[in-house]
Amino acid sequence: MNILVIDDSALIRAILTRTLTPIGAVHAPGDLQGARDLLGFHSGQCDMDVVLLDLEMPERDGLSFLRDLRAHPHLADLSVIMVTSTQETERLDDAFAAGANDYVTKPAHDNVLRARTLHGARLTRALRAAKDRERELAAANVQLEQLSLTDALTGLANRRAFDQQYTQALALAQRSRMPSTLIMADIDHFKRYNDALGHPAGDACLQQVAAVLQRSCHRRTDLAARYGGEEFALLLLDTDLRGAQEVAGRVHAALEDAAIPHPDHPLGRVTLSLGLASTAAADLKGAADAALYRAKAQGRNTTAE
Ligand code: GH3
Ligand code: MG
Ligand code: MG
Ligand code: MG
Ligand code: MG
């Protein structure tokens with residue numbers, strides 16, 4: 001436990017140091033600059049667990065020093081015990097208002113001084129621990145939120161994330177007439193792929209196709225999501241049909257480059273059918289689905305609007 005004693009009187013510093021040494025490491029700098037350094041006014045780092053602060057000091061009044069101290073966010077949880085010579089109630093009111101946690105009057109009984117100091121240090125630690133837990137919890141929540149929006153197999157955004165962004169995209173399109181485009185993508189003859197190579201191979205294929213889709217989305221505002229099973233969705237904000245056609249072209253080309261072997265496909269490799277629709281359509285999702293159906297009917301490995 002680190003105890004910081006701030007007092008202008010060398011005698012009081014010596015007495016407090018002797019009294020408190022049995023319960024912790026006492027730091028009693030001879031000037032206020034030494035105290036500021038130990039409190040980390042500049043570095044933002046402080047190892048002190050409790051402060052005993054003289055209320056009456058000639059150089060800088062204890063009260064205004066306390067206000068300086070509380071202005072530093074990293075010292076918000078540090079216990080400060082005011083040390084007063086007489087019980088000046090009015091000044092104590094001010095001290096508590098300025099953020100003091102406790103006070104002792106000089107001369108204090110050794111046992112009382114030690115007990116109050118220990119209590120102050122425990123309070124500091126409890127508050128710091130609570131803040132640490134809060135931070136950990138917040139970090140865990142961020143991680144959990146991230147997990148809840150991610151498809152475990154492919155790492156793409158999942159259906160839940162897609163639904164959220166889809167709703168936002170529709171709202172945006174209504175408010176700003178900013179066109180957005182939806183591409184629904186479905187793997188061709190995927191049942192045959194599973195039948196020929198097995199379900200684990202099918203899963204690996206889904207991962208490869210997902211990577212191709214992700215690579216084909218170049219803008220930060222593009223969302224590639226696994227919509228379900230072997231169906232994917234690309235939501236392209238602020239993108240018209242022409243822009244989306246470009247993305248669709250990239251997808252087909254990248255998939256051709258990837259050349260994932262498919263033993264029961266006329267082309268011998270995995271392909272996608274794509275259905276495209278823009279927010280100009282009354283029912284964006286329905287229009288993209290209908291377009292996807294047409295792409296399948298046109299013989300697959302193609303894009304339909
Ligand atoms: P089409 O070209 O008309 O789309 O034919 P298809 O065989 O791809 O379509 P269908 O809807 O008949 O079959 C989809 C297949 O996708 C069936 C299902 O077993 C498979 N599938 C869906 N989700 C997964 C998955 O997570 N992993 C694996 N390995 N297969 C999946
Ligand atoms: Mg004094
Ligand atoms: Mg399907
Ligand atoms: Mg199908
Ligand atoms: Mg399919």
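I began at Ala291, which is buried, with 21 other C-beta atoms within 10 Å. My cut-offs, with C-beta atoms placed from the backbone, are 20 or more such neighbours within 10 Å for buried, 12 or fewer for exposed, and partly exposed in between. Ala291 lies in helix H10.

A note on the source: this is a predicted model, where local features need pLDDT of at least 70 and side-chain atom pairs count only at pLDDT 80 or more, while totals for chains, interfaces and linings use all residues. Residues are numbered from 1 along each chain as its sequence is written, and chains are lettered from A and ligands numbered from 1 in the order in which they are written.

I checked the confidence next. The mean pLDDT of the protein (the predictor's confidence in each residue, from 0 to 100) is 95, and 100% of the residues reach 70 or more. For the complex, the predictor gives an ipTM of 0.94 and a pTM of 0.74.

**Entry: around Ala291**

Which residues does Ala291 touch, leaving aside its neighbours within four places in sequence? I found contacts with Gly275, Leu276, Ala277, Ala304 and Glu305; a contact here means C-beta atoms, placed from the backbone, within 7 Å. I also looked at Leu255, 36 residues from Ala291 along the chain, and the two C-alpha atoms are separated by 20 Å.

Gly275 turned up again in the strand pairing: its bridge partner in S10 is Ala304. S9 and S10 run parallel and are joined by 2 bridges. Helices (H or I, at least four residues) and strands (E, at least two) are DSSP runs, numbered from the N terminus, and I call two strands paired if DSSP finds at least two bridges between them.

**Entry: the sheet**

In what order do the 5 strands of the open sheet come? I read S7-S8-S6-S9-S10, with mixed pairing. S7 and S10 are at the edges with a single partner strand each, so one side of each has no neighbour in the sheet.

I then asked how many of the 7 residues of S7 (residues 222-228) are buried. The count is 6, so S7 is largely enclosed by the rest of the structure. S7 runs antiparallel to S8 (residues 231-236), and 6 bridges join the two. One bridge to note pairs Ala224 with Leu234 in S8. The two strands form a hairpin with 2 residues between them, and Gly229 in the turn has a positive phi of about 30 degrees.

**Entry: ligand 1**

Of the 15 residues around ligand 1, Asp188, Phe190, Lys191, Gly202 and Gly229 come nearest; a residue is counted as near if its C-beta atom, placed from the backbone, lies within 6 Å of the molecule. Strand S6 (181-187), helix H7 (190-197) and helix H8 (199-216) are the elements that give two or more residues to this shell. Which element gives the largest share? It is H8, with 4 residues.

By class, I noted 3 nonpolar, 5 polar and 7 charged residues in the shell. The classes are Ala, Val, Leu, Ile, Met, Phe, Trp, Tyr, Cys and Pro as nonpolar, Asp, Glu, Lys and Arg as charged, and the others, Gly among them, as polar.

**Entry: helix H5**

I listed the buried residues of H5 as Leu113, Thr117, Gly120, Ala121 and Thr124. They pack against strand S1 (2-6), helix H1 (10-20), strand S3 (50-54), strand S4 (79-84) and S5. Gln146 is also found in H5, but is exposed, with 10 other C-beta atoms within 10 Å. Asp195 is 49 residues from Gln146 along the chain, and their C-alpha atoms are separated by 33 Å.

Most residues other than glycine have a negative phi, and most peptide bonds are trans.

- Lys106 and Pro107 are joined by a cis peptide bond, with omega about -5 degrees; Pro107 is in the loop between strand S5 (102-105) and helix H5 (110-148).
- Ala259 has a positive phi near 45 degrees. This residue is in the loop between helix H9 (241-258) and strand S9 (272-278), and is exposed, with 11 other C-beta atoms within 10 Å.
- Asn301 has a positive phi near 50 degrees. Its loop runs between helix H10 (284-297) and strand S10 (303-304), and with 21 C-beta neighbours inside 10 Å Asn301 counts as buried.

Notes
Contact = placed C-beta atoms within 7 Å.
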